[in-house]
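The following exercises are intended for a reader who meets this structure for the first time. Each task is followed by a solution in steps.

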Amino acid sequence: MPLRTPFWGLFDYQLDLDVYRGGALTVWDGGSLYDAKLLGQMDYTYAPVSVLVLMPFAWMSFEAARIVWSVGIIIALYLVIMLSFRALGRRASWPLRCLAIALVAVVMLLEPVRTTIWYGQINVFLLLLILADLLRDERSRLKGVGTGIAAGIKLTPLLFVLYLALLRRWRTLAGVVGGFVLTAVVGFAFLPRESWAYWTDKIFDSNRVGAPQTLGNQSLRGMIANLMHTDSPNTAVWLVLVLIALGLGMGSAVLAHRRGHELLAVSIVGMTSCAISPMSWGHHWVWFVPLVVICVDLMLRADLSVLRRVVAGAGLVALMLVAFAWRTHFAYPMWFVNRTVPDAYFTGLFFKSQTGPAWAQWFLVYPYNAIFAGTTVATLVVLGLPVVRSRRATLSAPEEAVSDSVEAPPH
């Protein structure tokens, strides 16, 4: 889609950024943040402390804010990619930096990233904050605080508390809780009325984010709503799927951590939070960016067999095809958010469910959950099989060998 396409061009909308600015201006003018209808019909859905972070953009013109915000997203993408490579053991070099710049252009073709830029969303910044926090050295006293601050702005990163508890990483868990509590305290200190309204009422109203039966809702609840064509999806079915997703996500993340693949583990937890959330727009799934880096790293590793590198390449191609910003053009006027548009260019494979064959609806409606399921199952299989084989070999070994292996120091 050409960048200069009116309204639908990559840098030609930034509605959510305007909502952020509207929320900050409402507070600055003494209005009620969660009762105001921003831009005529939009609700503010983030925690009160986010307004303090976003206030500088309210003091700029919208044109200046959208330039600063968009450039910031591109820089954040570069830093996310470089952090990911560093977590995979690669040193920063000029060839690697050039590769990272190229990958910024590549991941901008993914719907979650493209839509983040087009809406002016905050997701890439939160992704960067969490990766910079959780991939740092274990000896850091502030580890976890950044993730807690991210959760204080947007609640979904709170799932990292469960992940850290399963690993018994109590110091980092305390950092997450501390960072989260800090944001709440700051919110109450500067915005007591808004904080009370949010933490006692608005936080429980998921419909403020959007209706469940929306094609862009790539959560499990959205999957049920879209497949069953209802805005009241069955809660029991949703909770069962949430428990299955938590089992897959936490099980594979813990396994990945214990096998030394921390970037993969953190990415899986991030995707799990998107899957189980009541509402997860396509742009919430920016966790695909570290997955792209992981696949590229595997393809470049000379110590792996050709077969494994080919499989990694196939996985990257599959990820790109499913998460690609496929364009669906509707050549007739429609009402879009707060205005009438002469025609519409929607991006994302899930919009192909409108024009795709009936037999493919089960996949087209929720492709991102398929990526989540594929990643977690592949992690359990690839990383879990060697452990199973090792245990079987140990159990079948002579008793003396078992005794020696138990007493031997760990490698």
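The pLDDT is the predictor's confidence in each residue, from 0 to 100. This is a predicted model, in which local features need pLDDT of at least 70 and side-chain atom pairs count only at pLDDT 80 or more, while totals for chains, interfaces and linings use all residues. Residues are numbered from 1 along each chain as its sequence is written, and side-chain values use heavy atoms, with hydrogens and water left out.

**Exercise 1.** State the mean pLDDT of the protein and describe residues 399-411.

*Solution.* The mean pLDDT is 90, and 93% of the residues reach 70 or more. Over residues 399-411, however, the pLDDT is below 50. Beyond near neighbours in sequence, this stretch has three contacts in the model, a contact being heavy atoms within 4.5 Å.

**Exercise 2.** Locate M108 and determine whether this residue is buried or exposed.

*Solution.* Begin with the elements: helices (H or I, at least four residues) and strands (E, at least two) are DSSP runs, numbered from the N terminus. M108 lies in the loop between α4 (94-107) and α5 (111-119). Next, apply the cut-offs: buried means under 20% relative accessible area, exposed over 50%, and partly exposed in between (1.4 Å probe, protein chains only). M108 has 18% relative accessibility and therefore counts as buried. Finally, list its partners: leaving aside neighbours within four places in sequence, M108 is in contact with L10, L77, V113, R114 and I117.

**Exercise 3.** Compare the span of helix α3 with the expected value.

*Solution.* Helix α3 covers residues 62-87, which are 26 in number. G89, with a positive phi near 95°, follows α3.

**Exercise 4.** Describe the lining of the largest cavity.

*Solution.* On a 1 Å grid over the protein atoms alone, a cavity is a set of points where a 1.4 Å probe fits but cannot get out; lining residues have an atom within 4 Å of a point. A volume is the space filled by probe spheres set on the points, which are joined across faces, edges and corners. The largest cavity has a volume of about 180 Å³. Of its 16 lining residues, N123, T156, P157, H284 and W287 are the closest to its centre. Helix α6 supplies the largest share of the lining, four residues.

Notes. The expected span of a helix is 1.5 Å times one less than its number of residues. On a 1 Å grid over the protein atoms alone, a cavity is a set of points where a 1.4 Å probe fits but cannot get out, and a pocket is an open set with protein on both sides within 12 Å along at least five of seven lines; lining residues have an atom within 4 Å of a point.
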